[in-house]
Amino acid sequence: GNLRIVAGAINRVVEKYPEVKFRFIANVGREYERQIRNAGFINWTLDTYIQDMSGFTVGIMPLYDNAFNRGKCGFKLIQYMNLYKPVIASPVGVNSEIVRNCGFIAETEDEWFVALEKLLFDRQIYRDCVKHIKAGFEDDYSYEKILDAWVNLIDKM
């Protein structure tokens, strides 16, 4: 799966900072608990996934660049950022446009490592990303804004 993209970078972060814990929410991929150090698997459920994501420090969206992922990219970032979580994402589809200055775009293992390290251990960078989420992101992607867009679309049907 897509977590393979960041496994090496996460393991490097945990090796350098053993206190870091990684949590992933999914219905598949439990093998990553063994492949990623300090990893914990949380079953995805509609009732708890927002609460589960609320406990994250940083939201990540590693994606291989293929047609399926280009179609699904972006939404998870919007969910993280509606919880005021800085993000790191692969440069797939609209991800770069969404992330802007609210986190980092990462492609290589080194880029993922640096981005994780910055957001986890540089308080100023973290605070700046949260400030940008509150200042700019909400204008375009808040749940209220998206709901309004859906309602307008349905009204036109």
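Helix 5 (residues 75–82) is mostly covered, with six of its eight residues buried (under 20% relative accessible area, 1.4 Å probe, protein chains only). Helices are DSSP runs of H or I with at least four residues, strands are E runs of at least two, and both are numbered from the N terminus. This is a predicted model: local features need pLDDT of at least 70, side-chain atom pairs count only at pLDDT 80 or more, and totals for chains, interfaces and linings use all residues. Residues are numbered from 1 along each chain as its sequence is written, and side-chain values use heavy atoms, without hydrogens and water.

**Helix 5 and its end**
- L77, I78, Q79, Y80, M81 and N82 are the buried residues of helix 5.

**K85**
- K85 sits in the loop between helix 5 and strand 4 (87–89).
- K85 is buried but has no salt bridge (a side-chain nitrogen of Lys or Arg within 4 Å of a carboxyl oxygen of Asp or Glu).
- The nearest side chain of opposite charge is D52, 12 Å away.
- A polar atom of the K85 side chain lies 2.9 Å from the backbone oxygen of F56.
- K85 touches (heavy atoms within 4.5 Å) M53, S54, F56, T57, G59, Y80, Y126 and I133, leaving out residues up to four places away in sequence.

**Largest pocket**
- The largest pocket holds about 1,000 Å³ of space.
- Of its 38 lining residues, L3, F24, I25, I60 and Y80 are the closest to the centre.
- Strand 1 gives the most to this lining, with five residues.

How values were computed: Buried means under 20% relative accessible area, exposed over 50%, partly exposed in between (1.4 Å probe, protein chains only). Lys and Arg count as positive and Asp and Glu as negative; His and the chain ends are not counted. A polar contact is a pair of N or O atoms within 3.5 Å; within protein, one must be able to donate a hydrogen and the other to accept it, and residues adjacent in sequence count only if both atoms are side-chain atoms. On a 1 Å grid over the protein atoms alone, a cavity is a set of points where a 1.4 Å probe fits but cannot get out, and a pocket is an open set with protein on both sides within 12 Å along at least five of seven lines; lining residues have an atom within 4 Å of a point. Grid points are joined across faces, edges and corners, and a volume is the space filled by probe spheres set on the points.
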